[in-house]
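Here is a short note to read with the model open beside you. Please take the points in order.

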Amino acid sequence: MSETEIKFVARENPLEQLRSAVFPLLQEKGISVQEEGESYLQNDYYDTSDHLFQQHKIGMRVRGANGQFEQTIKTNGQVSGGLHQRLELNVPLANEQPDLTLFDTMQWPEGESAGALNERLAKQFGTHFTRTQFDIEFDDAHIELVVDIGQVSAPQQQHQSPICEIELELKQGNLQRMFELANLLPGKLPVRLSDTSKAAQGYQLLHGIPNRITPLPDFLPLTENVSTESAFCQALACCLRHWQTHEHLFFETRSPKMLAEISRAVRMLMQTVSLYLPVLQCQAMLSLHKSLMRYAEAWLWQDDLHSLRMLLSKKSLFNKRLSRYPALLSYLQGRQAGLLHAHDPASRLYEDTPSRLKLSIAQVLEQKPWRGVATGYDLPLMEHAKGWLSQGWQTVQQTMPIQRQMHAANYTAVEVLLRQTLFNGFLVADLFAQSRGHFRAPWLDILTGIDELNALLLLKKSVFDAELAEQQEILEWIQQKTQSLLRVMERSRQAAMSGDIYW
């Protein structure tokens, strides 16, 4: 059996607001809402000592409720934003002891058998929660809505994490109705669309929450004859997954560097839609592009936060010098804290806009609305890729002709265009794996240099604003550092402009 779900994380117990603000709206439209009561569910997750199931994206649990037990296997399936589509196998048990041999249709990892795996199973963590269930009946769809309130616990590590979720599952009928229902929730109550399962939360408790960025691959992996439509969907899903991953990590760690990755993902989504829009043009894509442009503007403050992180990092090229000026470091730390307080990302990520935007992306991935109104979407991506790359790099090279000396203002002015063009390469350059060579390396060096220039410009402004006693001394150092950086960037530009194209 497969299941199709949309999951939200709620900031607080949502039951009262669902009953008072959401369900009456449905009932006014003639949609039946039936409360089926609540139950307490105890779920124990099992794996081998070397975490074979986790490695193969398999979730294995035993659920107990009212003295009855059931074991469940869930495979990874597909996750697009908050839309989960995956295989689920359920088998009743006589007691709480799991027995994998009862899954007679399950394909185990190569070289493994149910009997051998049974001998190696051990309890890893538990998810225990109270579930309140509602059945929602449209004319052409039956949707189950559940509210889960409880906690994930890993007893061996003595760690716990709260569960406060709303899950929608399409039991039968029209998937569009589930998107309609999901779009009612943001704005009526503080929720955020999530792609992190309870099992994933449990494994994170088991192994520890990583306070590190999950990097993107160097290039989006593509097959040789991939269609334009398929490549677009793959890119959109990749960028959305990057957003969701780092949003979850931000709430687990509160690390500002996760916010930079959310901002990066939003911009990548916008550029992905921009690049493919001429081929996949339809009303839904135009609306999505407009929404992404608006939402990207809401993250512009993140650029200053990124520069402050660079200035304050103990690993940065600025640290040795700036550590001589405690008053300046204190001012920069205060400015960083002020930015975070003013923009309050923890609250903003629970607003309606990001959840509705993710739902729009998931809906585009599911419904492919360009079919029937656009042409060329089923052609191989190679039919478009060379033209896209040529156009982008021609524009970049025209903005920084090799015979002209570039100053700091020239480099910062070309930053957005260079980022967009490099990201276009990320999207399609895997088609040219045999010949792309080292073309991108000096351009990426220039982009790193622009980040450092932006940090120095912010530092210069901060020195004036803070009115430090050592102001002149620090300004002279900033000027020297800027000139040194520009010399390095100019050498990179000379190498970049003379590089052979790979397409």
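1. Start with a charge over a ring. Lys 198 lies over the face of Phe 129, with 5.0 Å to the ring centre. The term applies if NZ of Lys or CZ of Arg is within 6 Å of the ring centre and within 35 degrees of the ring normal. Arg 254 gives another case: its charged end sits over the ring of Phe 250, 5.6 Å from the centre.

2. A word on the basis. This is a predicted model, in which local features need pLDDT of at least 70 and side-chain atom pairs count only at pLDDT 80 or more, while totals for chains, interfaces and linings use all residues. Residues are numbered from 1 along each chain as its sequence is written, and side-chain values use heavy atoms, with hydrogens and water left out.

3. Next, strand E8. It spans residues 141-154. Helices (H or I, at least four residues) and strands (E, at least two) are DSSP runs, numbered from the N terminus. Of the 14 residues in E8, 11 are buried. Buried means under 20% relative accessible area, exposed over 50%, and partly exposed in between (1.4 Å probe, protein chains only).

4. A hairpin of three residues connects E7 to E8.

5. Gln 133 stands opposite Val 146. Glu 167 in E9 stands opposite Val 146 too.

6. Now the aromatic rings. The structure holds 21 aromatic pairs. Rings of Phe, Tyr and Trp (its six-membered ring) pair if their centres lie within 6.5 Å; planes under 30 degrees apart count as stacked, over 60 as edge-to-face and the rest as tilted. Trp 243 and Tyr 295 are stacked, at 5.8 Å centre to centre and 20 degrees between the planes. This pair links distant parts of the chain, 52 residues apart: Trp 243 is in helix H6 (residues 228-253) and Tyr 295 in helix H8 (residues 283-297). Both residues are buried.

7. Why does the pair Phe 423 and Phe 426 count as stacked? The ring centres are 5.2 Å apart and the planes lie at 20 degrees, so the pair is stacked. Both residues belong to helix H15 (residues 408-428), three residues apart, about one turn of the helix. Phe 423 and Phe 426 are both buried.

8. Last, a group of rings. Trp 393, Phe 432, Phe 439, Trp 443, Tyr 502 and Trp 503 make up one aromatic cluster.

Methods:
Pairing = 2+ DSSP bridges.
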